[in-house]
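Hi there,

Here is the structure I promised to pass on.

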Amino acid sequence: MPLQGWKTELARFGLLLGIAAFFGLILDFLLWFLFGTALAYALWSLNQLRQLNRWLYRGAGRDEPPEAAGLWGQVFDTLSQIQRETQKVNARLQADIEHLRASFASMADAVVMLSPDGSIEWANRAAHTLLGLRHPDDNGRLLVNLLRAPDFIAYFESWDYGERFQMASPVNGQVRLSVSVSVFGRDNRLLFARDITRTVQLEQMRKDFVANVSHELRTPLTVINGYVEMLADQAEADTPAARAFEQMTSQSRRMQNLINDLMTLSRLESLPSGRQDDLVAVNGLMEGLREEIAAAATGERTVEVHCDETLRLMGDSKEIQSAFSNLAVNAARYTRDGDTITLRWYADRDHAYFEVEDTGIGIEPQHLPRLTERFYRVDQSRATTTGGTGLGLAIVKHILIRHHGELRIRSNPGKGSRFTCIFPISATQRRDV
Ligand code: ADP
């Protein structure tokens with residue numbers, strides 16, 4: 001079609017020149033006629049160009065395109081059609097945006113759209129109630145000038161939004177918010193804030209409940225334990241009563257261990273990170289762990305120790321001791337007579353590692369992701385015989401989180417396991433030798 005119009009126009013121009021040549025030859029003014037016709041055609045084309053320019057300038061699409069014949073008419077029509085289609089697409093996009101905004105506006109979560117420099121482009125109603133941001137009054141203002149909590153500013157400016165961020169609502173300090181940010185387009189950001197006050201309260205109630213129950217049970221249990229042990233001492237050996245007291249002693253000890261572990265977990269959950277500035281000499285700890293392994297194991301274990309003696313760990317010494325000891329005692333419990341347990345403490349450029357490796361019974365891969373859950377046990381019956389509470393690894397995980405570390409577990413069923421506590425290198429110090 002475009003080629004067609006162009007050919008017609010060319011033919012028309014040729015015809016005009018032909019007619020001019022015909023009359024020019026008759027009247028003996030060939031060059032003048034040709035020149036005059038070409039000039040007239042150029043002036044007509046210029047006029048069409050002027051009209052096109054005026055039409056575009058006035059905002060093509062609002063008025064009908066100028067009337068023109070031939071190729072120019074085709075150009076006007078094509079442009080006008082493109083313009084109409086663009087308008088339709090724009091209208092559809094606008095409708096989509098409005099629809100999206102309307103659904104965001106009705107959300108109970110606060111939604112704030114931000115331009116690349118961090119200024120507010122749009123915010124919904126909930127952003128007003130939860131964050132105190134007003135739309136459209138606050139549009140164009142920098143978000144960090146309106147939400148000024150230093151922790152929030154650090155999170156917002158970090159551009160690392162892998163994890164959600166929790167903060168108090170600037171409108172009402174009692175309201176807890178969970179904030180997430182996602183990046184879209186060219187560094188535009190979308191901020192969501194959700195009211196999680198109720199969830200936080202429920203979580204707190206759960207923690208308080210466990211802490212209170214454990215605390216209330218501890219004293220009566222200590223008393224019972226004391227009497228049972230006393231009675232067990234007095235019972236005549238090898239009588240049914242002695243065996244009953246022995247059972248009672250072991251069960252009440254289990255309960256005591258359970259309550260102690262529950263209280264430890266509650267404390268770890270509820271208190272802010274403890275003193276993180278003890279300098280722990282891990283090589284000193286290793287000797288204690290060797291003894292704990294010997295005490296917890298039934299039968300012989302070979303314990304090997306590989307320790308970077310100059311490397312010290314910064315943190316809460318009691319918590320670190322408790323985490324390492326849990327891992328060492330587990331290694332003793334889940335190994336057999338003659339197995340080897342290896343304790344390692346070393347570092348590379350970025351991390352420091354405390355590792356407990358054993359040649360024990362190992363763990364099937366499907367259990368590995370759930371091992372650090374409370375009361376999760378690979379084998380319930382085995383846990384009863386080993387005297388475990390099912391809380392040991394949950395405690396280890398919590399302690400590591402408080403020290404910005406993590407727990408890595410590798411295991412081969414029947415061959416053994418390796419539990420590695422990974423700490424950031426910034427949590428260590430070198431002692432001069
Ligand atoms: P428990 O008090 O039962 O040992 P933990 O939280 O310490 O509870 O461990 C959870 C489960 O992980 C244990 O019940 C056991 O099945 C498994 N486990 C822990 N350490 C080892 C290990 N070194 N070798 C094999 N299994 C282990």
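Which helices and strands do the buried residues of H12 pack against? They pack against helix H8 (240-270), helix H10 (317-333), strand E11 (406-412) and strand E12 (416-424), where contact means heavy atoms within 4.5 Å. Before going on, please note that this is a predicted model, in which local features need pLDDT of at least 70, side-chain atom pairs count only at pLDDT 80 or more, and totals for chains, interfaces and linings use all residues. Residues are numbered from 1 along each chain as its sequence is written, and side-chain values use heavy atoms, with hydrogens and water left out.

Helices (H or I, at least four residues) and strands (E, at least two) are DSSP runs, numbered from the N terminus. Helix H12 (residues 392-402) has eight of its 11 residues buried, so the rest of the structure largely encloses it. Buried means under 20% relative accessible area, exposed over 50%, and partly exposed in between (1.4 Å probe, protein chains only). Among the buried residues are Leu 393, Ile 399 and Arg 402. Just after H12, His 404 has a positive phi of about 55 degrees.

Now the salt bridges (a side-chain nitrogen of Lys or Arg within 4 Å of a carboxyl oxygen of Asp or Glu): the count comes to 16. In one of them, Arg 374 pairs with Glu 269, with the closest N and O atoms 2.2 Å apart. Arg 374 lies in the loop between strand E10 (351-358) and helix H11 (380-386) and Glu 269 in helix H8, so the pair ties together parts 105 residues apart in sequence. Glu 269 is buried at 18%, while Arg 374 is partly exposed at 31%.

Best wishes
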